[in-house]
Amino acid sequence: PPPPSQPPSPPPLPPPPSSPPSSLHQYRCPHPFGDGADSDKTCDSCTDGYYERRSSDDARARDQPDGTEKIEALERDADGRYAYCYPCPPHANCTARDAARGAGRRLHEDSVVTGCGEKLAEPIVSVTLSTISVARGYWRASADTDQMIKCDDRGYVGSGEARCIGGEDFGPNGTIGSGYCDSNFRGPECQLCSAANHHLADGSSCEKCWEPGEAVGIVAAIAVAICVAFGLLAWVYTKQSWRNRRGVGPPLQLADRVAAWCVSTGLKPKLKILLGFFQVCFVLSTTYSARLPKDSQKAFDKLSEAIAIDWTAVFLPPGCTDFKVRLIILATLPILIIALLMLVGIGIRLKHWHATSERRRVSDAIRRVVLDLTPLILILVFILVPSISAFIFRSWSCKAYVVSHSEESWKYVSFLKLDANVQCETSQHTDIKILAAFLLILWPVGSLVLFTLLAVACFKALQRKMPTALTRATAFLHTEYKTRWCWWEVLELLRKIVLVGMILVIPERRSFLRFVVATLICSVYVVVLAVVKPYKRIEDHVLAVGTNLVLLLVILGASWTTLFESIKEDVGADQAERFLGWPNSEAAFGVTIFLVVGALVVFLYGALLAARRLAKIHKIRLVSTSQPPELTLARGLTWHLFNSHIWSTGQDAAAVIKNELQHLLPGIKIFLDVDDLDNIGALEEYISRSQTILFFLSKGYFGSHNCLREVRASLDQKKPLVLVQEGNLEKGGTLAALRAECPGHLREAIFDKGWSLTTWHRIEAFQLVSLKVITEALLLCSPAYEDETALPLYVPGEAQREHLGFLQPVVLWVSPSNSGAVYLVNELKSKFAADTLTVVVEDEAPTQESRKPTHMLLYLNANTWSGERGVRLAEQVKQARADKLTIVMAHENDPTRNGCAFDCMFQTTPQELIA
């Protein structure tokens, strides 16, 4: 018969014992078969797509979000509970297992009617929560929960579906959902292998474990092989004589060039900055439970595996050995390697002393070896601490699975993320946490204490710029930072430890809070970094700020995608888009990539501008690094340079030298009597407190009693010298004359020992050359560069670094009557190409158009205007002026080439030319 236009009214419900929970989903089916004899019966089984669950609470009708009415209760059972029908949870199947289920409805316990009014022999029982069929690729932790968990692919597409086959069977008691796993797997998300002594290899297959002794032996062999290989390479690299050998020579020369390039570009701090960025960036999946788009997630997982350092996962993976053993091996193996290197170093040092008949104590050998190995130890700690600390902190990182219904108080069972064999909050997990707490003291806390103690021990020496053996050994920690921020590496290490490990103290079920905390830390750090500017090099500062800003954007993007995927799983993609505005997680991640690229472009542009601005700053720089040299003082000294001069002929030049050096070398300390002399009787003491002594050689210098006191004190105290000769002949005289003026018993010690010598001129370009000679001399005597033999320097914009050329071809006329001019012309010809400079040496200026001179060279020395040649030259100069030919004058200052003071030119030059 046709169905009625209106369904029959349901029978009255029992009175509710209490107000119902707000999240219940009820369903009640009206009788679908007309108004026959059984049309007034209440349907008491759930239709397809729903499952039955009984509760002691009653519920009244409420509206769905889409406006449709939720229909109410079924019936009470013998225990007084109400039976409700709930929509089948996502990723599960609530379809009837009996073919008759789709056509019949149970009216009573012993009768079922079909569409044709026929009765079935057996009643149909509703699907319950425990008999739900879980979809393939999903798993649940309890037969009493409606939360389905997607099985992790573990970086291999489809491996989750291969392990988790789903179905209705939860599995035997005590096996945590093993019924939903393939027969080869068990445990949470089917991550464990059923066979003993096997481990999950590629996400969907099991492999036999290494034997413990074999695995430990291989790890030890690899560690020893690495130490031996690096030791041999270091030993070969120290062999300077091997640079010229066939075979080994070219690789060593290439290594030298690479090392020089690394130093010149300041590669070390840049690599440290980038490694710190990657160490934090690629733990987003493991530490922050970030959920990225599939392709991006796979790439991040691969890179994370490459960055993370966990040797135990290769030789002793989960399922093969106890997690505590993995933890102990991972934390102690680097320490054992360092101890092995120290023992070998001590042995080599003692053997060397024995071979050279040096008798020293073992404590001296230990001290020397510790200082020698400190750079390597600090590099290992810098690389390993974030990864090892993160591994140790993950002893508290558990993944929780819901084991209760969503309408009840949530109950969880949780397992260790790194080893699903370990159930959290058990005695086994407690033992692991106790061990991890001890290892935290050893690694993250211990490394912070180590870095802090080293920074404190070096602080005073670095502030005073007095290097010690310890400051040189710990250069890895502080060389890239400004002196006042030499401890910045401690703060950087603390930031990394917090972001990659310590943040795991926030429970897994509040993992989004980790993103919030990380965002706050990165935001504050970027601002502080931008304001403080702790790096010496501007490009390092720009790179540090840029990478930390990119890290902040990546964390924000990962939080967006994770939030989107979580909302999508709970209430659907439409609601996720409604809440966040993204149509999918790929769009959110795409916005992040766009922001990252934009930030990189902006910072790259800023770095280029900063580099251009830096290149114009008039400061002395090292050719090898393009950076200002490091000014250092030996212990107990006060001044880098003592300026010894005589007031009558050298006071003005001495003042200029001090002022110019202070401008070119910020931070240099120079003793000048008019500024620093308090007691004329303490000249010898001032000399003793100075690192390098400058003798400004001018007329009367060796005739001054006080100047000779300074000379004798410098020689007696074996102070390094730099000699500066006055270039003005009236004030200085020739070097031979100054040597003759010096007392005989002092000449050899001053003039014949190879001390740096330069001439002081009044022209700025030449002064700059002299200032560089002085600077190189005093730097080579400082602790920072005492092992160097030469230290090339430059000043941005100086003439010696300019690539000079003519904008158009030049024809230079030189008169043979101009004594000494040919010498200068030949030097010019060697510097410039023949197609831009043509030199014509003739008695008369050529008149041919192709050889017509554009300039005339006039070389001036003491003999320029003397004799007949001088008269002839004067006539040629007059003719050149009449022809309006540009005259270029060169004044010779070298006495060996008849140089003279420019004043004498006014006495020898014809008056008609002077006028």
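## Salt bridges overall

Searching the whole structure turns up 24 salt bridges, each being a side-chain nitrogen of Lys or Arg within 4 Å of a carboxyl oxygen of Asp or Glu. Keep in mind that this is a predicted model, where local features need pLDDT of at least 70, side-chain atom pairs count only at pLDDT 80 or more, and totals for chains, interfaces and linings use all residues. Residues are numbered from 1 along each chain as its sequence is written, and side-chain values use heavy atoms, with hydrogens and water left out.

## E539 and K270

E539 pairs up with K270 in a salt bridge at 3.8 Å, N to O. E539 sits in helix α16 (residues 538-571) and K270 in helix α4 (residues 267-281), so this contact ties together parts 269 residues apart in sequence. Helices here are DSSP runs (H or I, at least four residues), and strands are too (E, at least two), numbered from the N terminus.

How accessible are the two? E539 is partly exposed at 25% relative accessible area, while K270 is buried at 17%. The cut-offs: buried is under 20%, exposed is over 50%, and partly exposed is in between (1.4 Å probe, protein chains only).

## E480 and K272

Helix α4 also holds K272, whose partner E480 is in the loop between α13 (475-478) and α14 (488-500), 208 residues apart. E480 is buried at 5% relative accessibility, and K272 is buried at 7%.

## D752 and R739

D752 and R739 form a salt bridge too, with closest N and O atoms 3.1 Å apart. D752 is partly exposed at 45%, as is R739 at 32%.
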